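Hi,

Here is the structure I promised to pass on.

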Amino acid sequence: MKQIPLFKVFMAEEVDQPLLDVIHSGYIGEGEQVLAFEKALKEFFKTPYLTTLNNGTAGLHLAYHMALHQDGPKTWYNSNDAEVISTPITCTATNEPIIANGARVVWADVDPITGSIDPDDIERKITPKTKAISMVHWGGNPCDIERINAIAKKHDLKVIEDGAHAMGMEYKGKMVGNWSDYTMISLQAIKHITSVDGGILMMKSEKDYERAKLLRWYGIDRTIREGIDLRCELDVPESGYKFHMNDVCAVVGLTNFKHVNEILKKHRENAAYYYEAFKGHDNIVCCPENPDGKSAFWLFTIHMNNRDEVMQKMKEEGIMTSKVHARNDTHSMFADSFDPNLPGVEQFNRTHLCIPVGWWVTEEDRERIAKLVIKYAK
Ligand SMILES: Cc1ncc(COP(=O)(O)O)c(C=O)c1O
């Protein structure tokens, strides 16, 4: 029986030679390959304010750092001072950097079918302590980005988009990364495009961009200048992190990135097939694509009352399905944020299931998957 995975690492066949060239070049740190990768990414996302990092979580950490500590290190909050409104329907990586930056998470509810954070609930949760709003584009399907940014503007808050799943997502005719203060895209192993591990942070302001470039390397300015020894920095005004990408990851990312459009096309074609295949089957509710955008379909999410049973049956048929992320507000680390009244979160978490949709899923595979889901869903 053919096994169909839910995720698969995409590694371009032609990666071997450029990778070997870099490994043996004598320079494997942050250098020309990182610059070349960033140039290609800036053209694709159509923004000049983009940095690569060693993972997506680092991108979120930097985004929260900048959003919560706008005047630099003199304004460190502790969790009694600052709140970030966020969603529990995500990877814990969305929310751990909030507490790592000294703020408290305040949970907003989500739409029970799309899993997108609910803008009305965001507004209800705003207090004088709120500093930022975080949204997650579940499976690469855009949230209501414009409305959330309008709410943020009204209350003078920063906006962070966790677009870990959202490589190539579009919203209102613009590429992801052009709306909010900070947008992160993950380049981790199983994402559309991987650099082995890696992340992208896009920013709206040049000031944040310049700051991020410093913070990703301990706060040190690495611009090559006549008479300045980079190893012996003059002054470090703000302490940062070791979050930069290296040339080995960058050459893998850049080589894979040349395939981004064909990968996205396959994800989208498979998704379109599922929408048709599940039409008229009332016991299977598909997560709809935001009509204002184009999902990247890193995931294809459906809802069924007997979700756990279907998951088990699909496993027996050799097809990997998963919830991918479960609500993370119930973890002990978020105990001081617990909110028992999140009905959308409760419903989404009880019924959602992700089925294989990626570039490796053939026409035959998707037909088989759809037939089996229809057979087992109650
Ligand atoms: C929603 C979400 N946010 C953040 C991350 C973290 O990204 P990375 O693994 O690149 O650090 C992930 C996982 O990859 C994720 O799924």
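**What I found**

V324 sits in the loop between α10 (307–316) and α11 (343–351); helices (H or I, at least four residues) and strands (E, at least two) are DSSP runs, numbered from the N terminus. Its phi is near 65°, a positive value in a residue other than glycine. V324 counts as partly exposed, at 24% relative accessibility; buried means under 20% relative accessible area, exposed over 50%, and partly exposed in between (1.4 Å probe, protein chains only). V196 also has a positive phi, of about 80°, although it is not a glycine. You'll find V196 in the loop between β8 (182–186) and β9 (199–203), partly exposed with a relative accessible area of 49%.

Before you read on, a word on the ground rules. This is a predicted model, where local features need pLDDT of at least 70 and side-chain atom pairs count only at pLDDT 80 or more, while totals for chains, interfaces and linings use all residues. Residues are numbered from 1 along each chain as its sequence is written, and side-chain values use heavy atoms, with hydrogens and water left out.

**The two domains**

The protein is divided into domain 1 (13–257) and domain 2 (260–376), with bounds that come from an automatic or database domain assignment. Taken over C-alpha atoms, the centres of domain 1 and domain 2 are 25 Å apart. Domain 1 brings 43 residues to the contact and domain 2 brings 43 residues, contact meaning heavy atoms within 4.5 Å.

About 3500 Å² is buried between domain 1 and domain 2, and carbon and sulfur atoms give 63% of that. Buried area here is the accessible area (1.4 Å probe) that two parts lose on being put together, summed over both.

As for polar links, the rule finds 27 residue pairs in polar contact across the interface of domain 1 and domain 2 (both at pLDDT 80 or more). A polar contact is a pair of N or O atoms within 3.5 Å; within protein, one must be able to donate a hydrogen and the other to accept it, and residues adjacent in sequence count only if both atoms are side-chain atoms. On the side of domain 1 that touches domain 2, α4 (92–100), β3 (104–107), α5 (119–125), β6 (170–171) and α8 (247–257) each supply at least two residues. The most come from α4, with 4 residues.

The rule also finds 1 salt bridge across this interface, a salt bridge being a side-chain nitrogen of Lys or Arg within 4 Å of a carboxyl oxygen of Asp or Glu.

**Salt bridges**

By this rule the count comes to 22 salt bridges. In one of them, K154 and E123 meet at 2.8 Å, N to O. That pair links distant parts of the chain, with K154 in helix α6 (residues 145–155) and E123 in helix α5, 31 residues apart. K154 is exposed at 61% relative accessibility, whereas E123 is partly exposed at 29%.

E309 pairs with K378, their closest N and O atoms being 2.9 Å apart.

W360 is in the loop between β13 (352–355) and α12 (363–376), buried with a relative accessible area of 11%. What lies 2.9 Å from a polar atom of the W360 side chain? The backbone oxygen of P5 does. Leaving aside neighbours within four places in sequence, W360 is in contact with P5, L6, F7, K8, H267 and D365.

M304 lies in the loop between β12 (300–303) and α10, and at 1% relative accessibility it counts as buried. M304 and H352 are 48 residues apart in sequence but 6.8 Å apart in space, C-alpha to C-alpha.

Cheers
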